Amino acid sequence: MDSAFIPNGVRRCAPGKFLVVLAVAGAVLLWGVYAMLLCWFKGLNQTNMNNNYGFALWIWADLAVIALGGGAFFTGFLRYIIGKDELKNIVNYAVLIGFICYSSALLILAIDIGQPLRGWFIFWHANVHSMLTEVAFCLSCYFGVLTIEYIPLILENRGIDRVPFLHHLGHNMHDIMAVFAATGAFLSFFHQGSLGGVAGVLFGRPFSYREGFFIWPWTFFLFTWSAAAYGPCFTLLITKITEAVTGKKLVKDNVVELLAKISGWMMVTYIIAKIVDTLYWANVTAPSKGLTLMDFYSHNAFYGVWILILEIVIGGIIPAAILITDKGRKSPAARTTAFVLAVIGVCVNRWVMVLQVMAAPVMTFDKWALYYPSWQEVATTILPVAYGVILIAISYRYLPIFPQEPELNPID
Amino acid sequence: MKAEENHGNTKKFGMVIDLDVCTGCGSCMVACMAENNVPFRKDESDKLKSITWMRVYKLSNGKPYPETDICYLPRPCQHCEGHEGHSPCVSVCPATATDYDMQTGIVSQIYTRCFGCRYCMAACPYHARYFNWYDPVWPKGMEKYLNPDVSVRMRGVVEKCSFCIQRYQAAKNRAFMEGKADIEEGDYQTACTQACPAGAITFGDLNNPAHAVYKLKKQPNAFRLLERLGTNPKIYYLSSREWVRRAGDNYLKNEGPAKIG
């Protein structure tokens with residue numbers, strides 16, 4: 001039925017099976033869209049956010065997907081700027097995952113603001129002192145770059161490629177992609193950093209506040225670093241899941257191992273910096289505000305030292321240790337475990353830098369405030385996952401996302 | 001440094017609240033809501049969604065009877081000056097919807113520019129900023145009693161204490177009509193100050209030696225909330241009780257309020 005649009009040399013499932021996958025993901029998507037419309041038309045009273053929790057699940061989701069989508073800019077940086085040629089076999093997928101992550105982040109932000117129709121004020125009345133302004137500008141620009149990076153891939157579809165103009169357009173865009181990869185890397189260094197700065201500049205919130213360099217708190221650099229380190233792990237994890245779902249080997253092990261090795265060493269350097277930052281904050285910054293480390297991890301029902309261990313040890317040191325060793329990288333089970341732990345680690349980091357900041361009391365007569373999201377918040381957070389599944393399914397079916405797929409899965 | 005950056009000879013409005021005098025009656029909260037058209041809902045049991053520009057906290061020394069002692073602490077917006085006007089909330093607002101006025105020291109909120117990102121709420125350690133989770137709905141007939149000098153706010157924007165800035169504007173207009181060069185201390189007083197039956201709240205220009213707050217803020221028992229964070233607030237509190245002064249900020253076990261500037 002749609003065989004004319006399926007890339008040469010690969011086999012795809014029957015259209016019926018494909019449509020069932022789309023229908024299931026589409027149902028979840030519609031659930032999320034319904035919740036989104038409720039938030040837009042009835043307001044943010046549909047959420048469980050409150051005056052203590054101005055930032056909640058959505059901001060965490062935003063920060064998390066942008067960190068996880070960091071695989072796009074860093075893989076592009078390694079491929080086009082550093083010249084790691086093997087990564088051309090996974091960079092397409094990294095771009096697609098980045099595109100999904102960033103479009104999701106923008107959508108969530110559009111739901112999260114109290115007056116969505118005024119969203120453009122952030123550009124029009126921009127406050128240059130605000131980290132959020134920098135986030136908005138860089139995020140929007142980088143989403144534009146990701147779109148430009150994704151378009152040549154769309155143009156490679158067999159049906160579209162038959163049109164001479166589009167064929168040449170795609171070809172020429174490929175030729176200049178290094179420029180966009182460099183632009184994307186430049187923008188990403190800033191918006192990943194400014195997302196870290198969002199929490200780091202809050203000098204009224206000792207849990208997140210960090211000193212820094214010039215106008216940038218240390219979290220600025222840590223967020224960029226962690227996105228570059230952990231983002232590729234997410235790209236590799238989604239690749240692994242895609243391979244499991246399709247039942248095919250899609251990327252050769254040497255490519256996976258190269259990206260995993262770079263990611264592992266990035267994690268090592270990041271986690272050292274993170275530990276130094278934590279020690280300085282616990283021993284110098286927080287005490288200068290009259291607080292001790294344990295003030296942030298006690299007297300409440302949820303946030304204990306376990307979350308620090310989960311983030312730094314289980315989600316940082318362990319996956320880094322696995323990925324920097326030859327034995328760990330070559331073992332599919334150990335490698336996949338490292339990817340999962342790394343994704344958990346970076347998500348926990350983003351969680352504490354949003355939700356624990358809101359939860360921890362600052363005034364001595366204030367109390368810890370815990371929060372659980374409403375179903376509307378959960379549904380709108382799952383919405384991008386369903387959207388991602390749909391976009392990956394369509395892209396995988398109709399576009400040559402994995403250049404090594406025909407070679408790894410020859411058709412008899 | 002330019003005069004406008006350190007307030008120079010300009011005004012710097014602030015409050016001194018005597019916690020030994022405050023009885024916790026809540027008149028300040030009521031007056032504030034009436035003066036500023038602060039919306040409320042039929043069911044206000046979820047205090048985390050309530051809007052209380054002025055909120056009275058109940059503090060306890062935590063000791064058992066007979067040593068139990070309590071203190072009521074009224075908490076308006078602290079109108080932080082931060083460092084050269086970079087108060088925690090003003091510097092983070094991405095749309096310049098909140099502003100630090102170097103002429104008055106008042107942190108204002110521009111409701112029609114706020115798009116409800118709530119970053120300012122995350123930045124404020126005093127919980128002095130409130131989000132309009134709902135559209136304001138007034139009981140039938142009550143809309144006739146709204147203050148015509150204060151705009152009501154719509155759903156989806158942040159609001160907070162403005163030091164009754166409409167009263168400042170009215171006082172300036174009156175002074176101009178009467179040919180006065182400047183307003184006097186009594187010309188501009190906030191609603192909470194006037195409503196307090198115990199006279200616990202004193203309001204005025206912290207820069208003006210003729211105003212009561214100028215002297216009161218220099219009392220040995222004066223302190224500010226969370227002074228160590230560098231927020232540089234303009235609300236001063238007075239208390240003769242050390243545990244109350246200590247409750248104003250976080251201290252390590254070996255530290256005490258007396259050691260802090």
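# A tour of chains A and B

Begin by selecting chain B, where buried residues make up 47% of the 261 residues; a residue is called buried if 20 or more other C-beta atoms lie within 10 Å of its own, exposed if 12 or fewer, and partly exposed in between, with C-beta atoms placed from the backbone. The model is a predicted one, in which local features need pLDDT of at least 70 and side-chain atom pairs count only at pLDDT 80 or more, while totals for chains, interfaces and linings use all residues. Residues are numbered from 1 along each chain as its sequence is written, and chains are lettered from A and ligands numbered from 1 in the order in which they are written.

**Chain B as a whole**

With chain B still selected, colour by secondary structure to find 7 helices and 10 strands; helices (H or I, at least four residues) and strands (E, at least two) are DSSP runs, numbered from the N terminus. The C-alpha atoms of chain B fill a box of roughly 50 × 45 × 40 Å along the principal axes. Of the contacts in chain B with a separation of 6 or more, 61% are between residues 24 or more positions apart, a contact being two residues whose C-beta atoms, placed from the backbone, lie within 7 Å.

**The sheet around S1(B)**

Next select strand S1 (residues 13-18) of chain B, in which 6 of the 6 residues are buried, so this strand is largely enclosed by the rest of the structure. Both of its faces are covered, with B:Phe13, B:Met15 and B:Ile17 buried on one side and B:Gly14, B:Val16 and B:Asp18 buried on the other.

On its other pairing, S1(B) lies parallel to S10(B) over 4 bridges, with B:Val16 opposite B:Tyr236 in S10(B). S9(B) and S10(B) then pair in the antiparallel sense over 2 bridges, and here B:Phe223 stands opposite B:Tyr237 in S10(B).

**B:Arg241**

Continue to B:Arg241, in the loop between strand S10 (235-238) and helix H7 (242-247) of chain B. With 15 other C-beta atoms within 10 Å, B:Arg241 is partly exposed. Leaving aside residues up to four places away in sequence, B:Arg241 touches B:Asp69 and B:Cys71; B:Cys71 is 170 residues from B:Arg241 in sequence, yet 9.5 Å from it in space, C-alpha to C-alpha.

**Where the chains meet**

Now show both chains and select the residues of chain B that touch chain A: 43 residues of chain B are in contact with 41 residues of chain A. Strand S2 (55-60), helix H2 (88-92), helix H3 (119-123) and strand S6 (130-131) of chain B each supply at least two residues of this side, and H3(B) gives the most, with 4 residues. By class, this side of chain B has 28 nonpolar, 8 polar and 7 charged residues; Ala, Val, Leu, Ile, Met, Phe, Trp, Tyr, Cys and Pro count as nonpolar, Asp, Glu, Lys and Arg as charged, and the others, Gly among them, as polar.

**Chain A and its helix H10**

Turn to chain A, which has 16 helices and 2 strands and in which 51% of the 412 residues count as buried. Its C-alpha trace spans about 70 × 50 × 35 Å along the principal axes.

Select helix H4 (residues 88-112) and helix H10 (residues 218-246) of chain A, whose axes come within 10 Å and cross at roughly 105 degrees; axes are lines fitted to C-alpha atoms, for helices over the stretch in contact, and angles run from 0 to 180 degrees between N-to-C directions. The contact is made by A:Ile90, A:Tyr93, A:Ala94 and A:Ile97 of H4(A) and by A:Phe234, A:Thr235, A:Ile238 and A:Thr239 of H10(A), which divide into 6 nonpolar, 2 polar and no charged residues.

Finish with helix H3 (residues 70-82) of chain A, which packs against H10(A) at an angle of about 100 degrees, with the axes 7 Å apart. Among the residues that meet here are A:Phe74 and A:Thr75 in H3(A) and A:Tyr230 and A:Phe234 in H10(A).

Conventions: Pairing = 2+ DSSP bridges.
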